[in-house]
Amino acid sequence: MSQGVRTRPEGSGQALSEAYDTALLDLDGVVYAGGEAIAHAVDSLAAARDGGMHLAYVTNNALRTPDAVAAHLTELGIPAAASDVVTSAQAVARLIADQVPAGARVLVIGGEGLRVALRERGLVPVDSAEDDPAAVVQGYGGPELPWGRFAEACYAVHRGVPWYASNTDLTIPGARGIAPGNGAAVEVVRIATGAEPQVAGKPLPPMHRETILRTGAKRPLVVGDRLDTDIEGAFNGGVDSLLVLTGVTDGAQLLAAPPQHRPTYVDADLRGLLAGQPEITREGDGFRCGGWTASAGASRLELAGDGEPLDGLRALCAAAWTAGGEDACELEGEKALARLGL
């Protein structure tokens with residue numbers, strides 16, 4: 001395990017695939033988007049795996065089973081087994097199993113991934129609040145999930161049945177754009193009942209625990225595209241992280257990130273696993289990375305130099321985070337980012 005989480009991107013003299021034994025990879029926005037592999041993902045993961053890095057695929061999406069996820073990855077040219085996949089359905093099933101009697105019934109508001117995970121823990125999925133459930137579990141069920149399923153959850157929760165959620169991501173990326181995620185569905189039940197669920201998925205500890213138990217990672221690196229799930233999950237788990245810019249996070253969001261959302265490393269895509277990461281050095285009131293130097297004035301960021309745009313972004317992050325602390329979002333980095341084309 002890491003000795004501590006670094007809160008600004010620091011260098012690595014080794015390729016990340018050599019410095020860490022296991023990559024804990026998010027899927028949507030990192031490995032694939034809209035069901036298709038993201039550019040450079042297939043080749044980069046193959047090279048990391050051939051070099052001895054263990055690859056594990058960690059997703060908050062509770063709809064698909066590990067077998068289905070592994071089959072999809074394999075079809076994309078990324079060989080994977082079900083044992084390489086960790087889902088929030090598995091994490092929430094373990095959380096429930098730790099709190100209810102063995103063999104208990106659980107009301108499922110979601111898809112097959114939840115049902116398979118519950119059975120793995122010896123629990124019995126049921127479909128109605130009239131089936132005397134010991135718990136209610138809610139996970140992403142796809143766009144066709146009937147409205148009546150939310151009613152069943154509300155009936156049971158109103159009766160005092162404990163309520164669990166696989167995750168609370170408000171959105172989920174799709175081929176046509178951003179769609180409502182499980183967090184939006186959880187809000188429906190929360191509004192109707194006034195209750196609060198126990199949540200298992202990223203960025204909360206049950207998901208990290210599930211991932212470490214299943215992978216046996218000793219020096220894990222979380223790889224993700226979302227600050228509020230992937231990177232915060234790494235922060236909460238006390239491990240290092242790599243943010244890739246192939247998903248939902250842009251440069252402005254990164255500069256405004258509070259401490260728990262700041263990755264250890266930043267790179268364009270999964271090719272970042274195969275390379276060392278540049279050191280950021282302090283020079284006077286500024287921070288230098290590659291050919292760029294960034295400094296923070298009174299409510300603005302300044303960038304000077306030339307070179308690789310990502311080095312400029314890394315320097316800007318160091319300046320914004322050091323100067324702004326949790327108020328970094330007030331620093332205006334739009335001009336600097338525009339200069340980098342980010």
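This is a predicted model: local features need pLDDT of at least 70, side-chain atom pairs count only at pLDDT 80 or more; totals for chains, interfaces and linings use all residues.
Let me start with a term: a pocket is an open set of grid points with protein on both sides within 12 Å along at least five of seven lines.

Take the second largest pocket. Its volume is about 200 Å³. Thirteen residues line this pocket, and the closest to its centre are Tyr140, Gly142, Phe150, Pro180 and Ala185. Helix H7, residues 182–193, gives the most to the lining, with three residues. By class, the lining has seven nonpolar and six polar residues, and no charged ones.

Now the cavities. There are two of 30 Å³ or more. Of its 18 lining residues, Asp28, Asn60, Asn61, Asp169 and Ile172 are the closest to the centre. Strand E10, 171–174, and helix H9, 227–237, each give two or more residues to that lining. E10 gives the most, with three. The classes here are three nonpolar, eight polar and seven charged.

The second largest cavity comes to about 150 Å³. It has 16 lining residues, with Val58, Lys202, His208, Thr211 and Val222 nearest its centre. Strand E1, helix H8, strand E13 and H9 each supply at least two residues. This lining divides into nine nonpolar, four polar and three charged.

Last, a helix pair. The axes of H4, residues 88–97, and H5, residues 112–120, come within 8 Å and cross at roughly 40 degrees. So H4 is oblique to H5. The crossing is right-handed. Ala89, Gln90, Val92, Ala93 and Ile96 in H4 meet Gly113, Leu114, Ala117, Leu118 and Glu120 in H5. That contact has seven nonpolar, two polar and one charged residues.

Methods
Residues are numbered from 1 along each chain as its sequence is written. Side-chain values use heavy atoms; hydrogens and water are left out. On a 1 Å grid over the protein atoms alone, a cavity is a set of points where a 1.4 Å probe fits but cannot get out, and a pocket is an open set with protein on both sides within 12 Å along at least five of seven lines; lining residues have an atom within 4 Å of a point. Grid points are joined across faces, edges and corners, and a volume is the space filled by probe spheres set on the points. Helices (H or I, at least four residues) and strands (E, at least two) are DSSP runs, numbered from the N terminus. Ala, Val, Leu, Ile, Met, Phe, Trp, Tyr, Cys and Pro count as nonpolar, Asp, Glu, Lys and Arg as charged, and the others, Gly among them, as polar. Axes are lines fitted to C-alpha atoms, for helices over the stretch in contact, and angles run from 0 to 180 degrees between N-to-C directions. Angles under 35 degrees count as roughly parallel, over 145 as roughly antiparallel, 65 to 115 as roughly perpendicular and the rest as oblique. A crossing is left-handed if the near helix is turned anticlockwise from the far one by less than a right angle, and right-handed if clockwise. Contact means heavy atoms within 4.5 Å.
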